Amino acid sequence: MLPHVLVLGGTTEARALATALTGRPGIRVTTSLAGRVSRPGALAGDVRVGGFGGAEGLAAWLRERRVDALVDATHPFAGTITANAARAAAATGVPLVVLRRPGWRPGPGDRWHPVPSLEAAAALLPRLGDRVFLTTGRMGLAAFAPLARLHFVVRSVEPPEPPLPAHTHVLLARGPFTVAGETALLRDHRIDVLVTKDSGGAATSAKLGAARDLGLPVVVVRRPPLPDGVTPVGDVPSALGALDALAGP
């Protein structure tokens, strides 16, 4: 196994991977967090907080700290970080493993409207309903600010960044959520349409089941594409296997 692994973290999978790696003798694990969450949970191994200064800064850090493998286990929508990781790995020759949980897939009864961006989601909303449950995170809500006629219920882990739509009710909560709880929320707030990013995973997928049961349309923002030549693994065991393969016998 490799002596020093840098994990670009912030996800449940990154936390689990760091825990698994630190349980192996002779492995040094450093998890890097962007610092957007004010109170991150405890992490196994070493932790650094803050940006690197783009791909060049990350490459310099990899060289200076003698990193043997880089794992990008960031959020599926952290496109800039993933692009920087690919460039830094190519510049330094440090092997890169990209860990991405699988995206959600519509099932029978779902009324999904896939869109490429938050701006496209905002453009579609007036045709779908007046009361919106917005679960795209605390950043990027400026795309919805011009929709003064609509009423928004915005849920995020931390307070959202302005500007916000004129009629906005903020709910601060962290998953996992249940279908029963999400169904009650949608009914209590008389929601017409759900907006979400295709984040994948089980922690926040209950809202999709609730929307299906209530027959509500769901606007799903598609993930940004991965850099050319990057093939992700979908879970922590696969990431561990990829790192084992890099280490050799």
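Is R66 buried or exposed? R66 is exposed, with a relative accessible area of 69%; the word exposed stands for over 50% relative accessible area, buried for under 20% and partly exposed for anything in between, with a 1.4 Å probe and protein chains only.

Good morning. The model before you is predicted, so local features need pLDDT of at least 70 and side-chain atom pairs count only at pLDDT 80 or more, while totals for chains, interfaces and linings use all residues. Residues are numbered from 1 along each chain as its sequence is written, and side-chain values use heavy atoms, with hydrogens and water left out.

I begin with two arginines. R66 has a phi near 50 degrees, a positive value in a residue other than glycine. R66 sits in the loop between α2 (54–64) and β4 (69–72). Helices and strands here are DSSP runs, numbered from the N terminus: helices are H or I with at least four residues, and strands are E with at least two.

R190 is not a glycine either, and its phi is positive, at about 50 degrees. The loop between α5 and β10 (193–197) holds R190. At 56% relative accessibility, R190 counts as exposed.

I turn now to the peptide bonds. Which residues does a cis peptide bond with omega of about 5 degrees join? They are P162 and P163. P163 belongs to the loop between β8 (151–156) and β9 (168–172).

A cis peptide bond also links G175 to P176, and there omega is about 10 degrees. P176 lies in the loop that runs between β9 and α5 (179–188).

Thank you for your attention.
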